[in-house]
Amino acid sequence: MATGDGPAWLRLASAPNDQRVDTFWNGSIDAEDAIPVTVPRPRLRAVHDWQEGRWSYRAELYDRAPVRAASRSAVLSTNPNVCPHWWNDLRSTLDAISTVRTSRLTAFQPFLDHAMPRYLGTPVDTRAPSWSTAHGDLHFANLGAPAFHLFDWEGWGMAPAGYDAAMLHSYSLLVPMTAARIRAELAHVLDTPAGRFAELAVITELLHGTARGDNTELREPLRNRAQHLLGRTLTET
């Protein structure tokens, strides 16, 4: 949309008053205050809240990004073919986000304690070696190209260290060339005990989604990757 300050993007959100989750409701505002300005993203210009009956509404006005999303969906279906400099920007961005101090949570220990044994079998360690701040929903539909941008900050917060790299890799498993590139470019994160745990945590979350009918095409690739990381066969769930 056009504004007096130049092109902009308007996001509208709504939720029943008694079902609003503040972590996601306030994520973009918290990100604007806490995430370093060096992280390429649409900047938040203005926020307007109102209520009608039992519903809460929010309008958020952002700078219009000069790029499009690298994928139309979270589950990658084709190689995004981004340039080497793009991967450099991804690495530096994830490093910058990981150092942000916050009390927000993206991942939750009680969920991991319950879900990891259910979807991965036993024995499985449900405690992360370390935690750090994550974007929380890193996939190519939230990444701009050819110039690097990172969209959608609703769910950012603390998660097992390596969570973002693991999320990007897991959502890319249907495109082996891209998945291999991610493993190579983010090996300093993924090829560590923390990174391997983060992969298992993300795989658990996504398998939980497939069990509810979300992104079912990922189920077998996710299970195969988990078996590789665990070094054993997964039982059916």
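How much space lies in the second largest pocket? About 360 Å³ lies there. The model is predicted, so local features need pLDDT of at least 70 and side-chain atom pairs pLDDT 80 or more, while totals for chains, interfaces and linings use all residues. Residues are numbered from 1 along each chain as its sequence is written, and side-chain values use heavy atoms, without hydrogens or water.

A pocket is an open set of points on a 1 Å grid over the protein atoms alone, where a 1.4 Å probe fits, with protein on both sides within 12 Å along at least five of seven lines. Lining residues have an atom within 4 Å of a point. Points are joined across faces, edges and corners, and a volume is the space filled by probe spheres set on them.

The second largest pocket is lined by 15 residues. Closest to its centre are Trp9, Arg64, Ala65, Val67 and Phe151. Strand 2 (6-16), strand 4 (55-63) and strand 5 (68-69) each give two or more residues to this lining. Strand 2 gives the most, with three. Strands are DSSP runs of E, at least two residues, and helices are runs of H or I, at least four, numbered from the N terminus. The lining holds eleven nonpolar, no polar and four charged residues. Ala, Val, Leu, Ile, Met, Phe, Trp, Tyr, Cys and Pro count as nonpolar, Asp, Glu, Lys and Arg as charged, and the others, Gly among them, as polar.

The largest pocket has a volume of about 610 Å³. Of its 25 lining residues, Gly136, Tyr163, Met167, Glu205 and Arg212 are closest to the centre. Helix 5 (163-170) and helix 8 (193-211) each supply two or more lining residues. Helix 8 gives the most, with five.
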